[in-house]
Amino acid sequence: MPHAEIAHAGMLKSRTMKMKSHPDSLQRFLFEQSNVRGELVHLDDAWREVLKRHDYPPALRTVMGELMAGAVLLAATLKLKGSLILQIQGQGPVTLLVVECDGELNVRATAKWQGELEGISFAQMVGDGRFVITLDPRDGGQTYQGIVEVDGDSVAEVLQNYMQRSEQLATRLWLAADEQGAAGMLLQKMPGDGGHAITEQDDGQDDDMWQRVTILTDTLQREELLGLPAEVLIRRLYGEEDVRLFDTQHVAFRCSCSRERVARMLKMLGRDEVQSVLDEQGRAEVICEFCNHHYHFDKVDAEQVFAAEVLLDGSASVH
Ligand SMILES: [Zn+2]
């Protein structure tokens, strides 16, 4: 009995040591005396929650995991209150990839595709698609939307080309995903003064730093990005540099759908439309594409949806 216990404890210990120190987390860092900052994200449960809900083909999973890691990295750079939505609207077998991440780093994702995806490149998957970035402040403020052609042979390239061309921010991303996790690294050269008055000399130093750390990060292996804890990875890559680490932030899978939202959507469809579905099928079923939750409305429920005009309008008028 004591033997078994010791053996068991030993196994637990070695398992724990292999685990990441902070699963589902975002680590921000910056290179001291420069305007270069970085972020490293690891998605574990948050990613597996997405995979659990739909049977995505393996090739699509990689691309989705990368877009999910990329969305969290960009959302974190923006420090936004509302949510950031990244969409790739494809013209190839993958017709849609959507990831939404809010300011608390709650993230959700979904995709639409048809046909065979194995053995084809990212560019072939999405064809001449569009990349749409939406910033929804969710406080009644102006929604921002940028739409560009999908430009790049990988999710990382699409995102960094967008940041470079549309936002004029020198940004590099390294993204990876497998069955167990998705991970990403972002480096960004901030414009202007990073807290200190900018001189030509500083700018030259920042350029040198930017060059050096991006070259170092290009040596990063996929397995390292996916498998190493953030602090270890940062130390290994930038051992010579003076790096300041900030507190980690938790990332979670969370879907913002609700019965109230679905009810509002049914109201927008209109009484006649909903009634014809009810006549045909006895009930209306709405499935959330993100979390796969099934919402059912029978005749009585539908009556309530359309009778509750005052109540629903009242809650909507807050916006
Ligand atoms: Zn949902």
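These legends walk through several close-up views of one predicted model.

As this is a prediction, local features need pLDDT of at least 70 and side-chain atom pairs count only at pLDDT 80 or more, while totals for chains, interfaces and linings use all residues. Residues are numbered from 1 along each chain as its sequence is written, and side-chain values use heavy atoms, with hydrogens and water left out.

**View 1. Four cysteines hold the zinc ion.** The protein donors here are C255, C257, C288 and C291, each through its SG atom, at 2.2 to 2.3 Å from the zinc ion. Donors are N, O and S atoms within 2.8 Å of the metal (3.2 Å for Na, K and Ca); water is not among the atoms, so sites may look incomplete. The angles between the four donor atoms run from 102 to 116°, which makes the arrangement tetrahedral. For four donors, that word asks for all angles between 85 and 135 degrees. C255 is buried at 16% relative accessible area, whereas C257 is partly exposed at 22%. Buried means under 20% relative accessible area, exposed over 50%, and partly exposed in between (1.4 Å probe, protein chains only).

**View 2. The largest pocket holds about 610 Å³ of space.** A pocket is found on a 1 Å grid over the protein atoms alone, as an open set of points where a 1.4 Å probe fits, with protein on both sides within 12 Å along at least five of seven lines; lining residues have an atom within 4 Å of a point. Grid points are joined across faces, edges and corners, and the volume is the space filled by probe spheres set on the points. Here the lining has 21 residues, and R108, D136, S256, R261 and R264 lie nearest the centre. Helix α9 (259-269) and strand β13 (284-287) each give at least two residues to this lining, with the largest share, four residues, coming from α9. Helices (H or I, at least four residues) and strands (E, at least two) are DSSP runs, numbered from the N terminus. By residue type, the lining divides into seven nonpolar, six polar and eight charged. In this scheme Ala, Val, Leu, Ile, Met, Phe, Trp, Tyr, Cys and Pro are nonpolar, Asp, Glu, Lys and Arg are charged, and the others, Gly among them, are polar.

**View 3. The second largest pocket holds about 250 Å³ of space.** Its lining has 16 residues, and those closest to the centre are F29, L30, R37, M190 and F246. Strands β1 (25-31) and β2 (36-43) are the elements that give two or more residues to this lining. Six of the lining residues are nonpolar, five polar and five charged.

View 4. Rings of Phe, Tyr and Trp (its six-membered ring) pair if their centres lie within 6.5 Å; planes under 30 degrees apart count as stacked, over 60 as edge-to-face and the rest as tilted. Take Y56 and W113: their ring centres are 5.7 Å apart and their planes stand at 55°, so this pair is tilted. Y56 sits in the loop between α2 (45-53) and α3 (58-78), and W113 in strand β5 (residues 106-113), so the pair ties together parts 57 residues apart in sequence. Y56 is buried at 1% relative accessible area, while W113 is partly exposed at 30%. Next come F131 and Y162, with ring centres 5.5 Å apart and planes at 75°, so this pair is edge-to-face. F131 belongs to strand β6 (residues 130-136) and Y162 to helix α5 (residues 155-166), so the view shows a link between distant parts of the chain, 31 residues apart. Both F131 and Y162 are buried. Look also for F29, F31 and Y238, which form one aromatic cluster.

**View 5. R138 and N292 have positive phi values.** R138, a residue other than glycine, has phi near 60°. R138 lies in the loop between β6 and β7 (144-149) and is partly exposed at 39% relative accessibility. For N292, also not a glycine, phi is near 65°. N292 is placed in the loop between β13 and β14 (294-297) and is partly exposed, with a relative accessible area of 29%.

**View 6. T77 in helix α3.** T77 is buried, with a relative accessible area of 10%. The C-alpha atoms of T77 and Q188 are separated by 9.0 Å, and the two residues are 111 residues apart along the chain.

Technical notes: Tetrahedral: all angles 85-135°; square planar, octahedral: opposite > 155°, others 65-115°.
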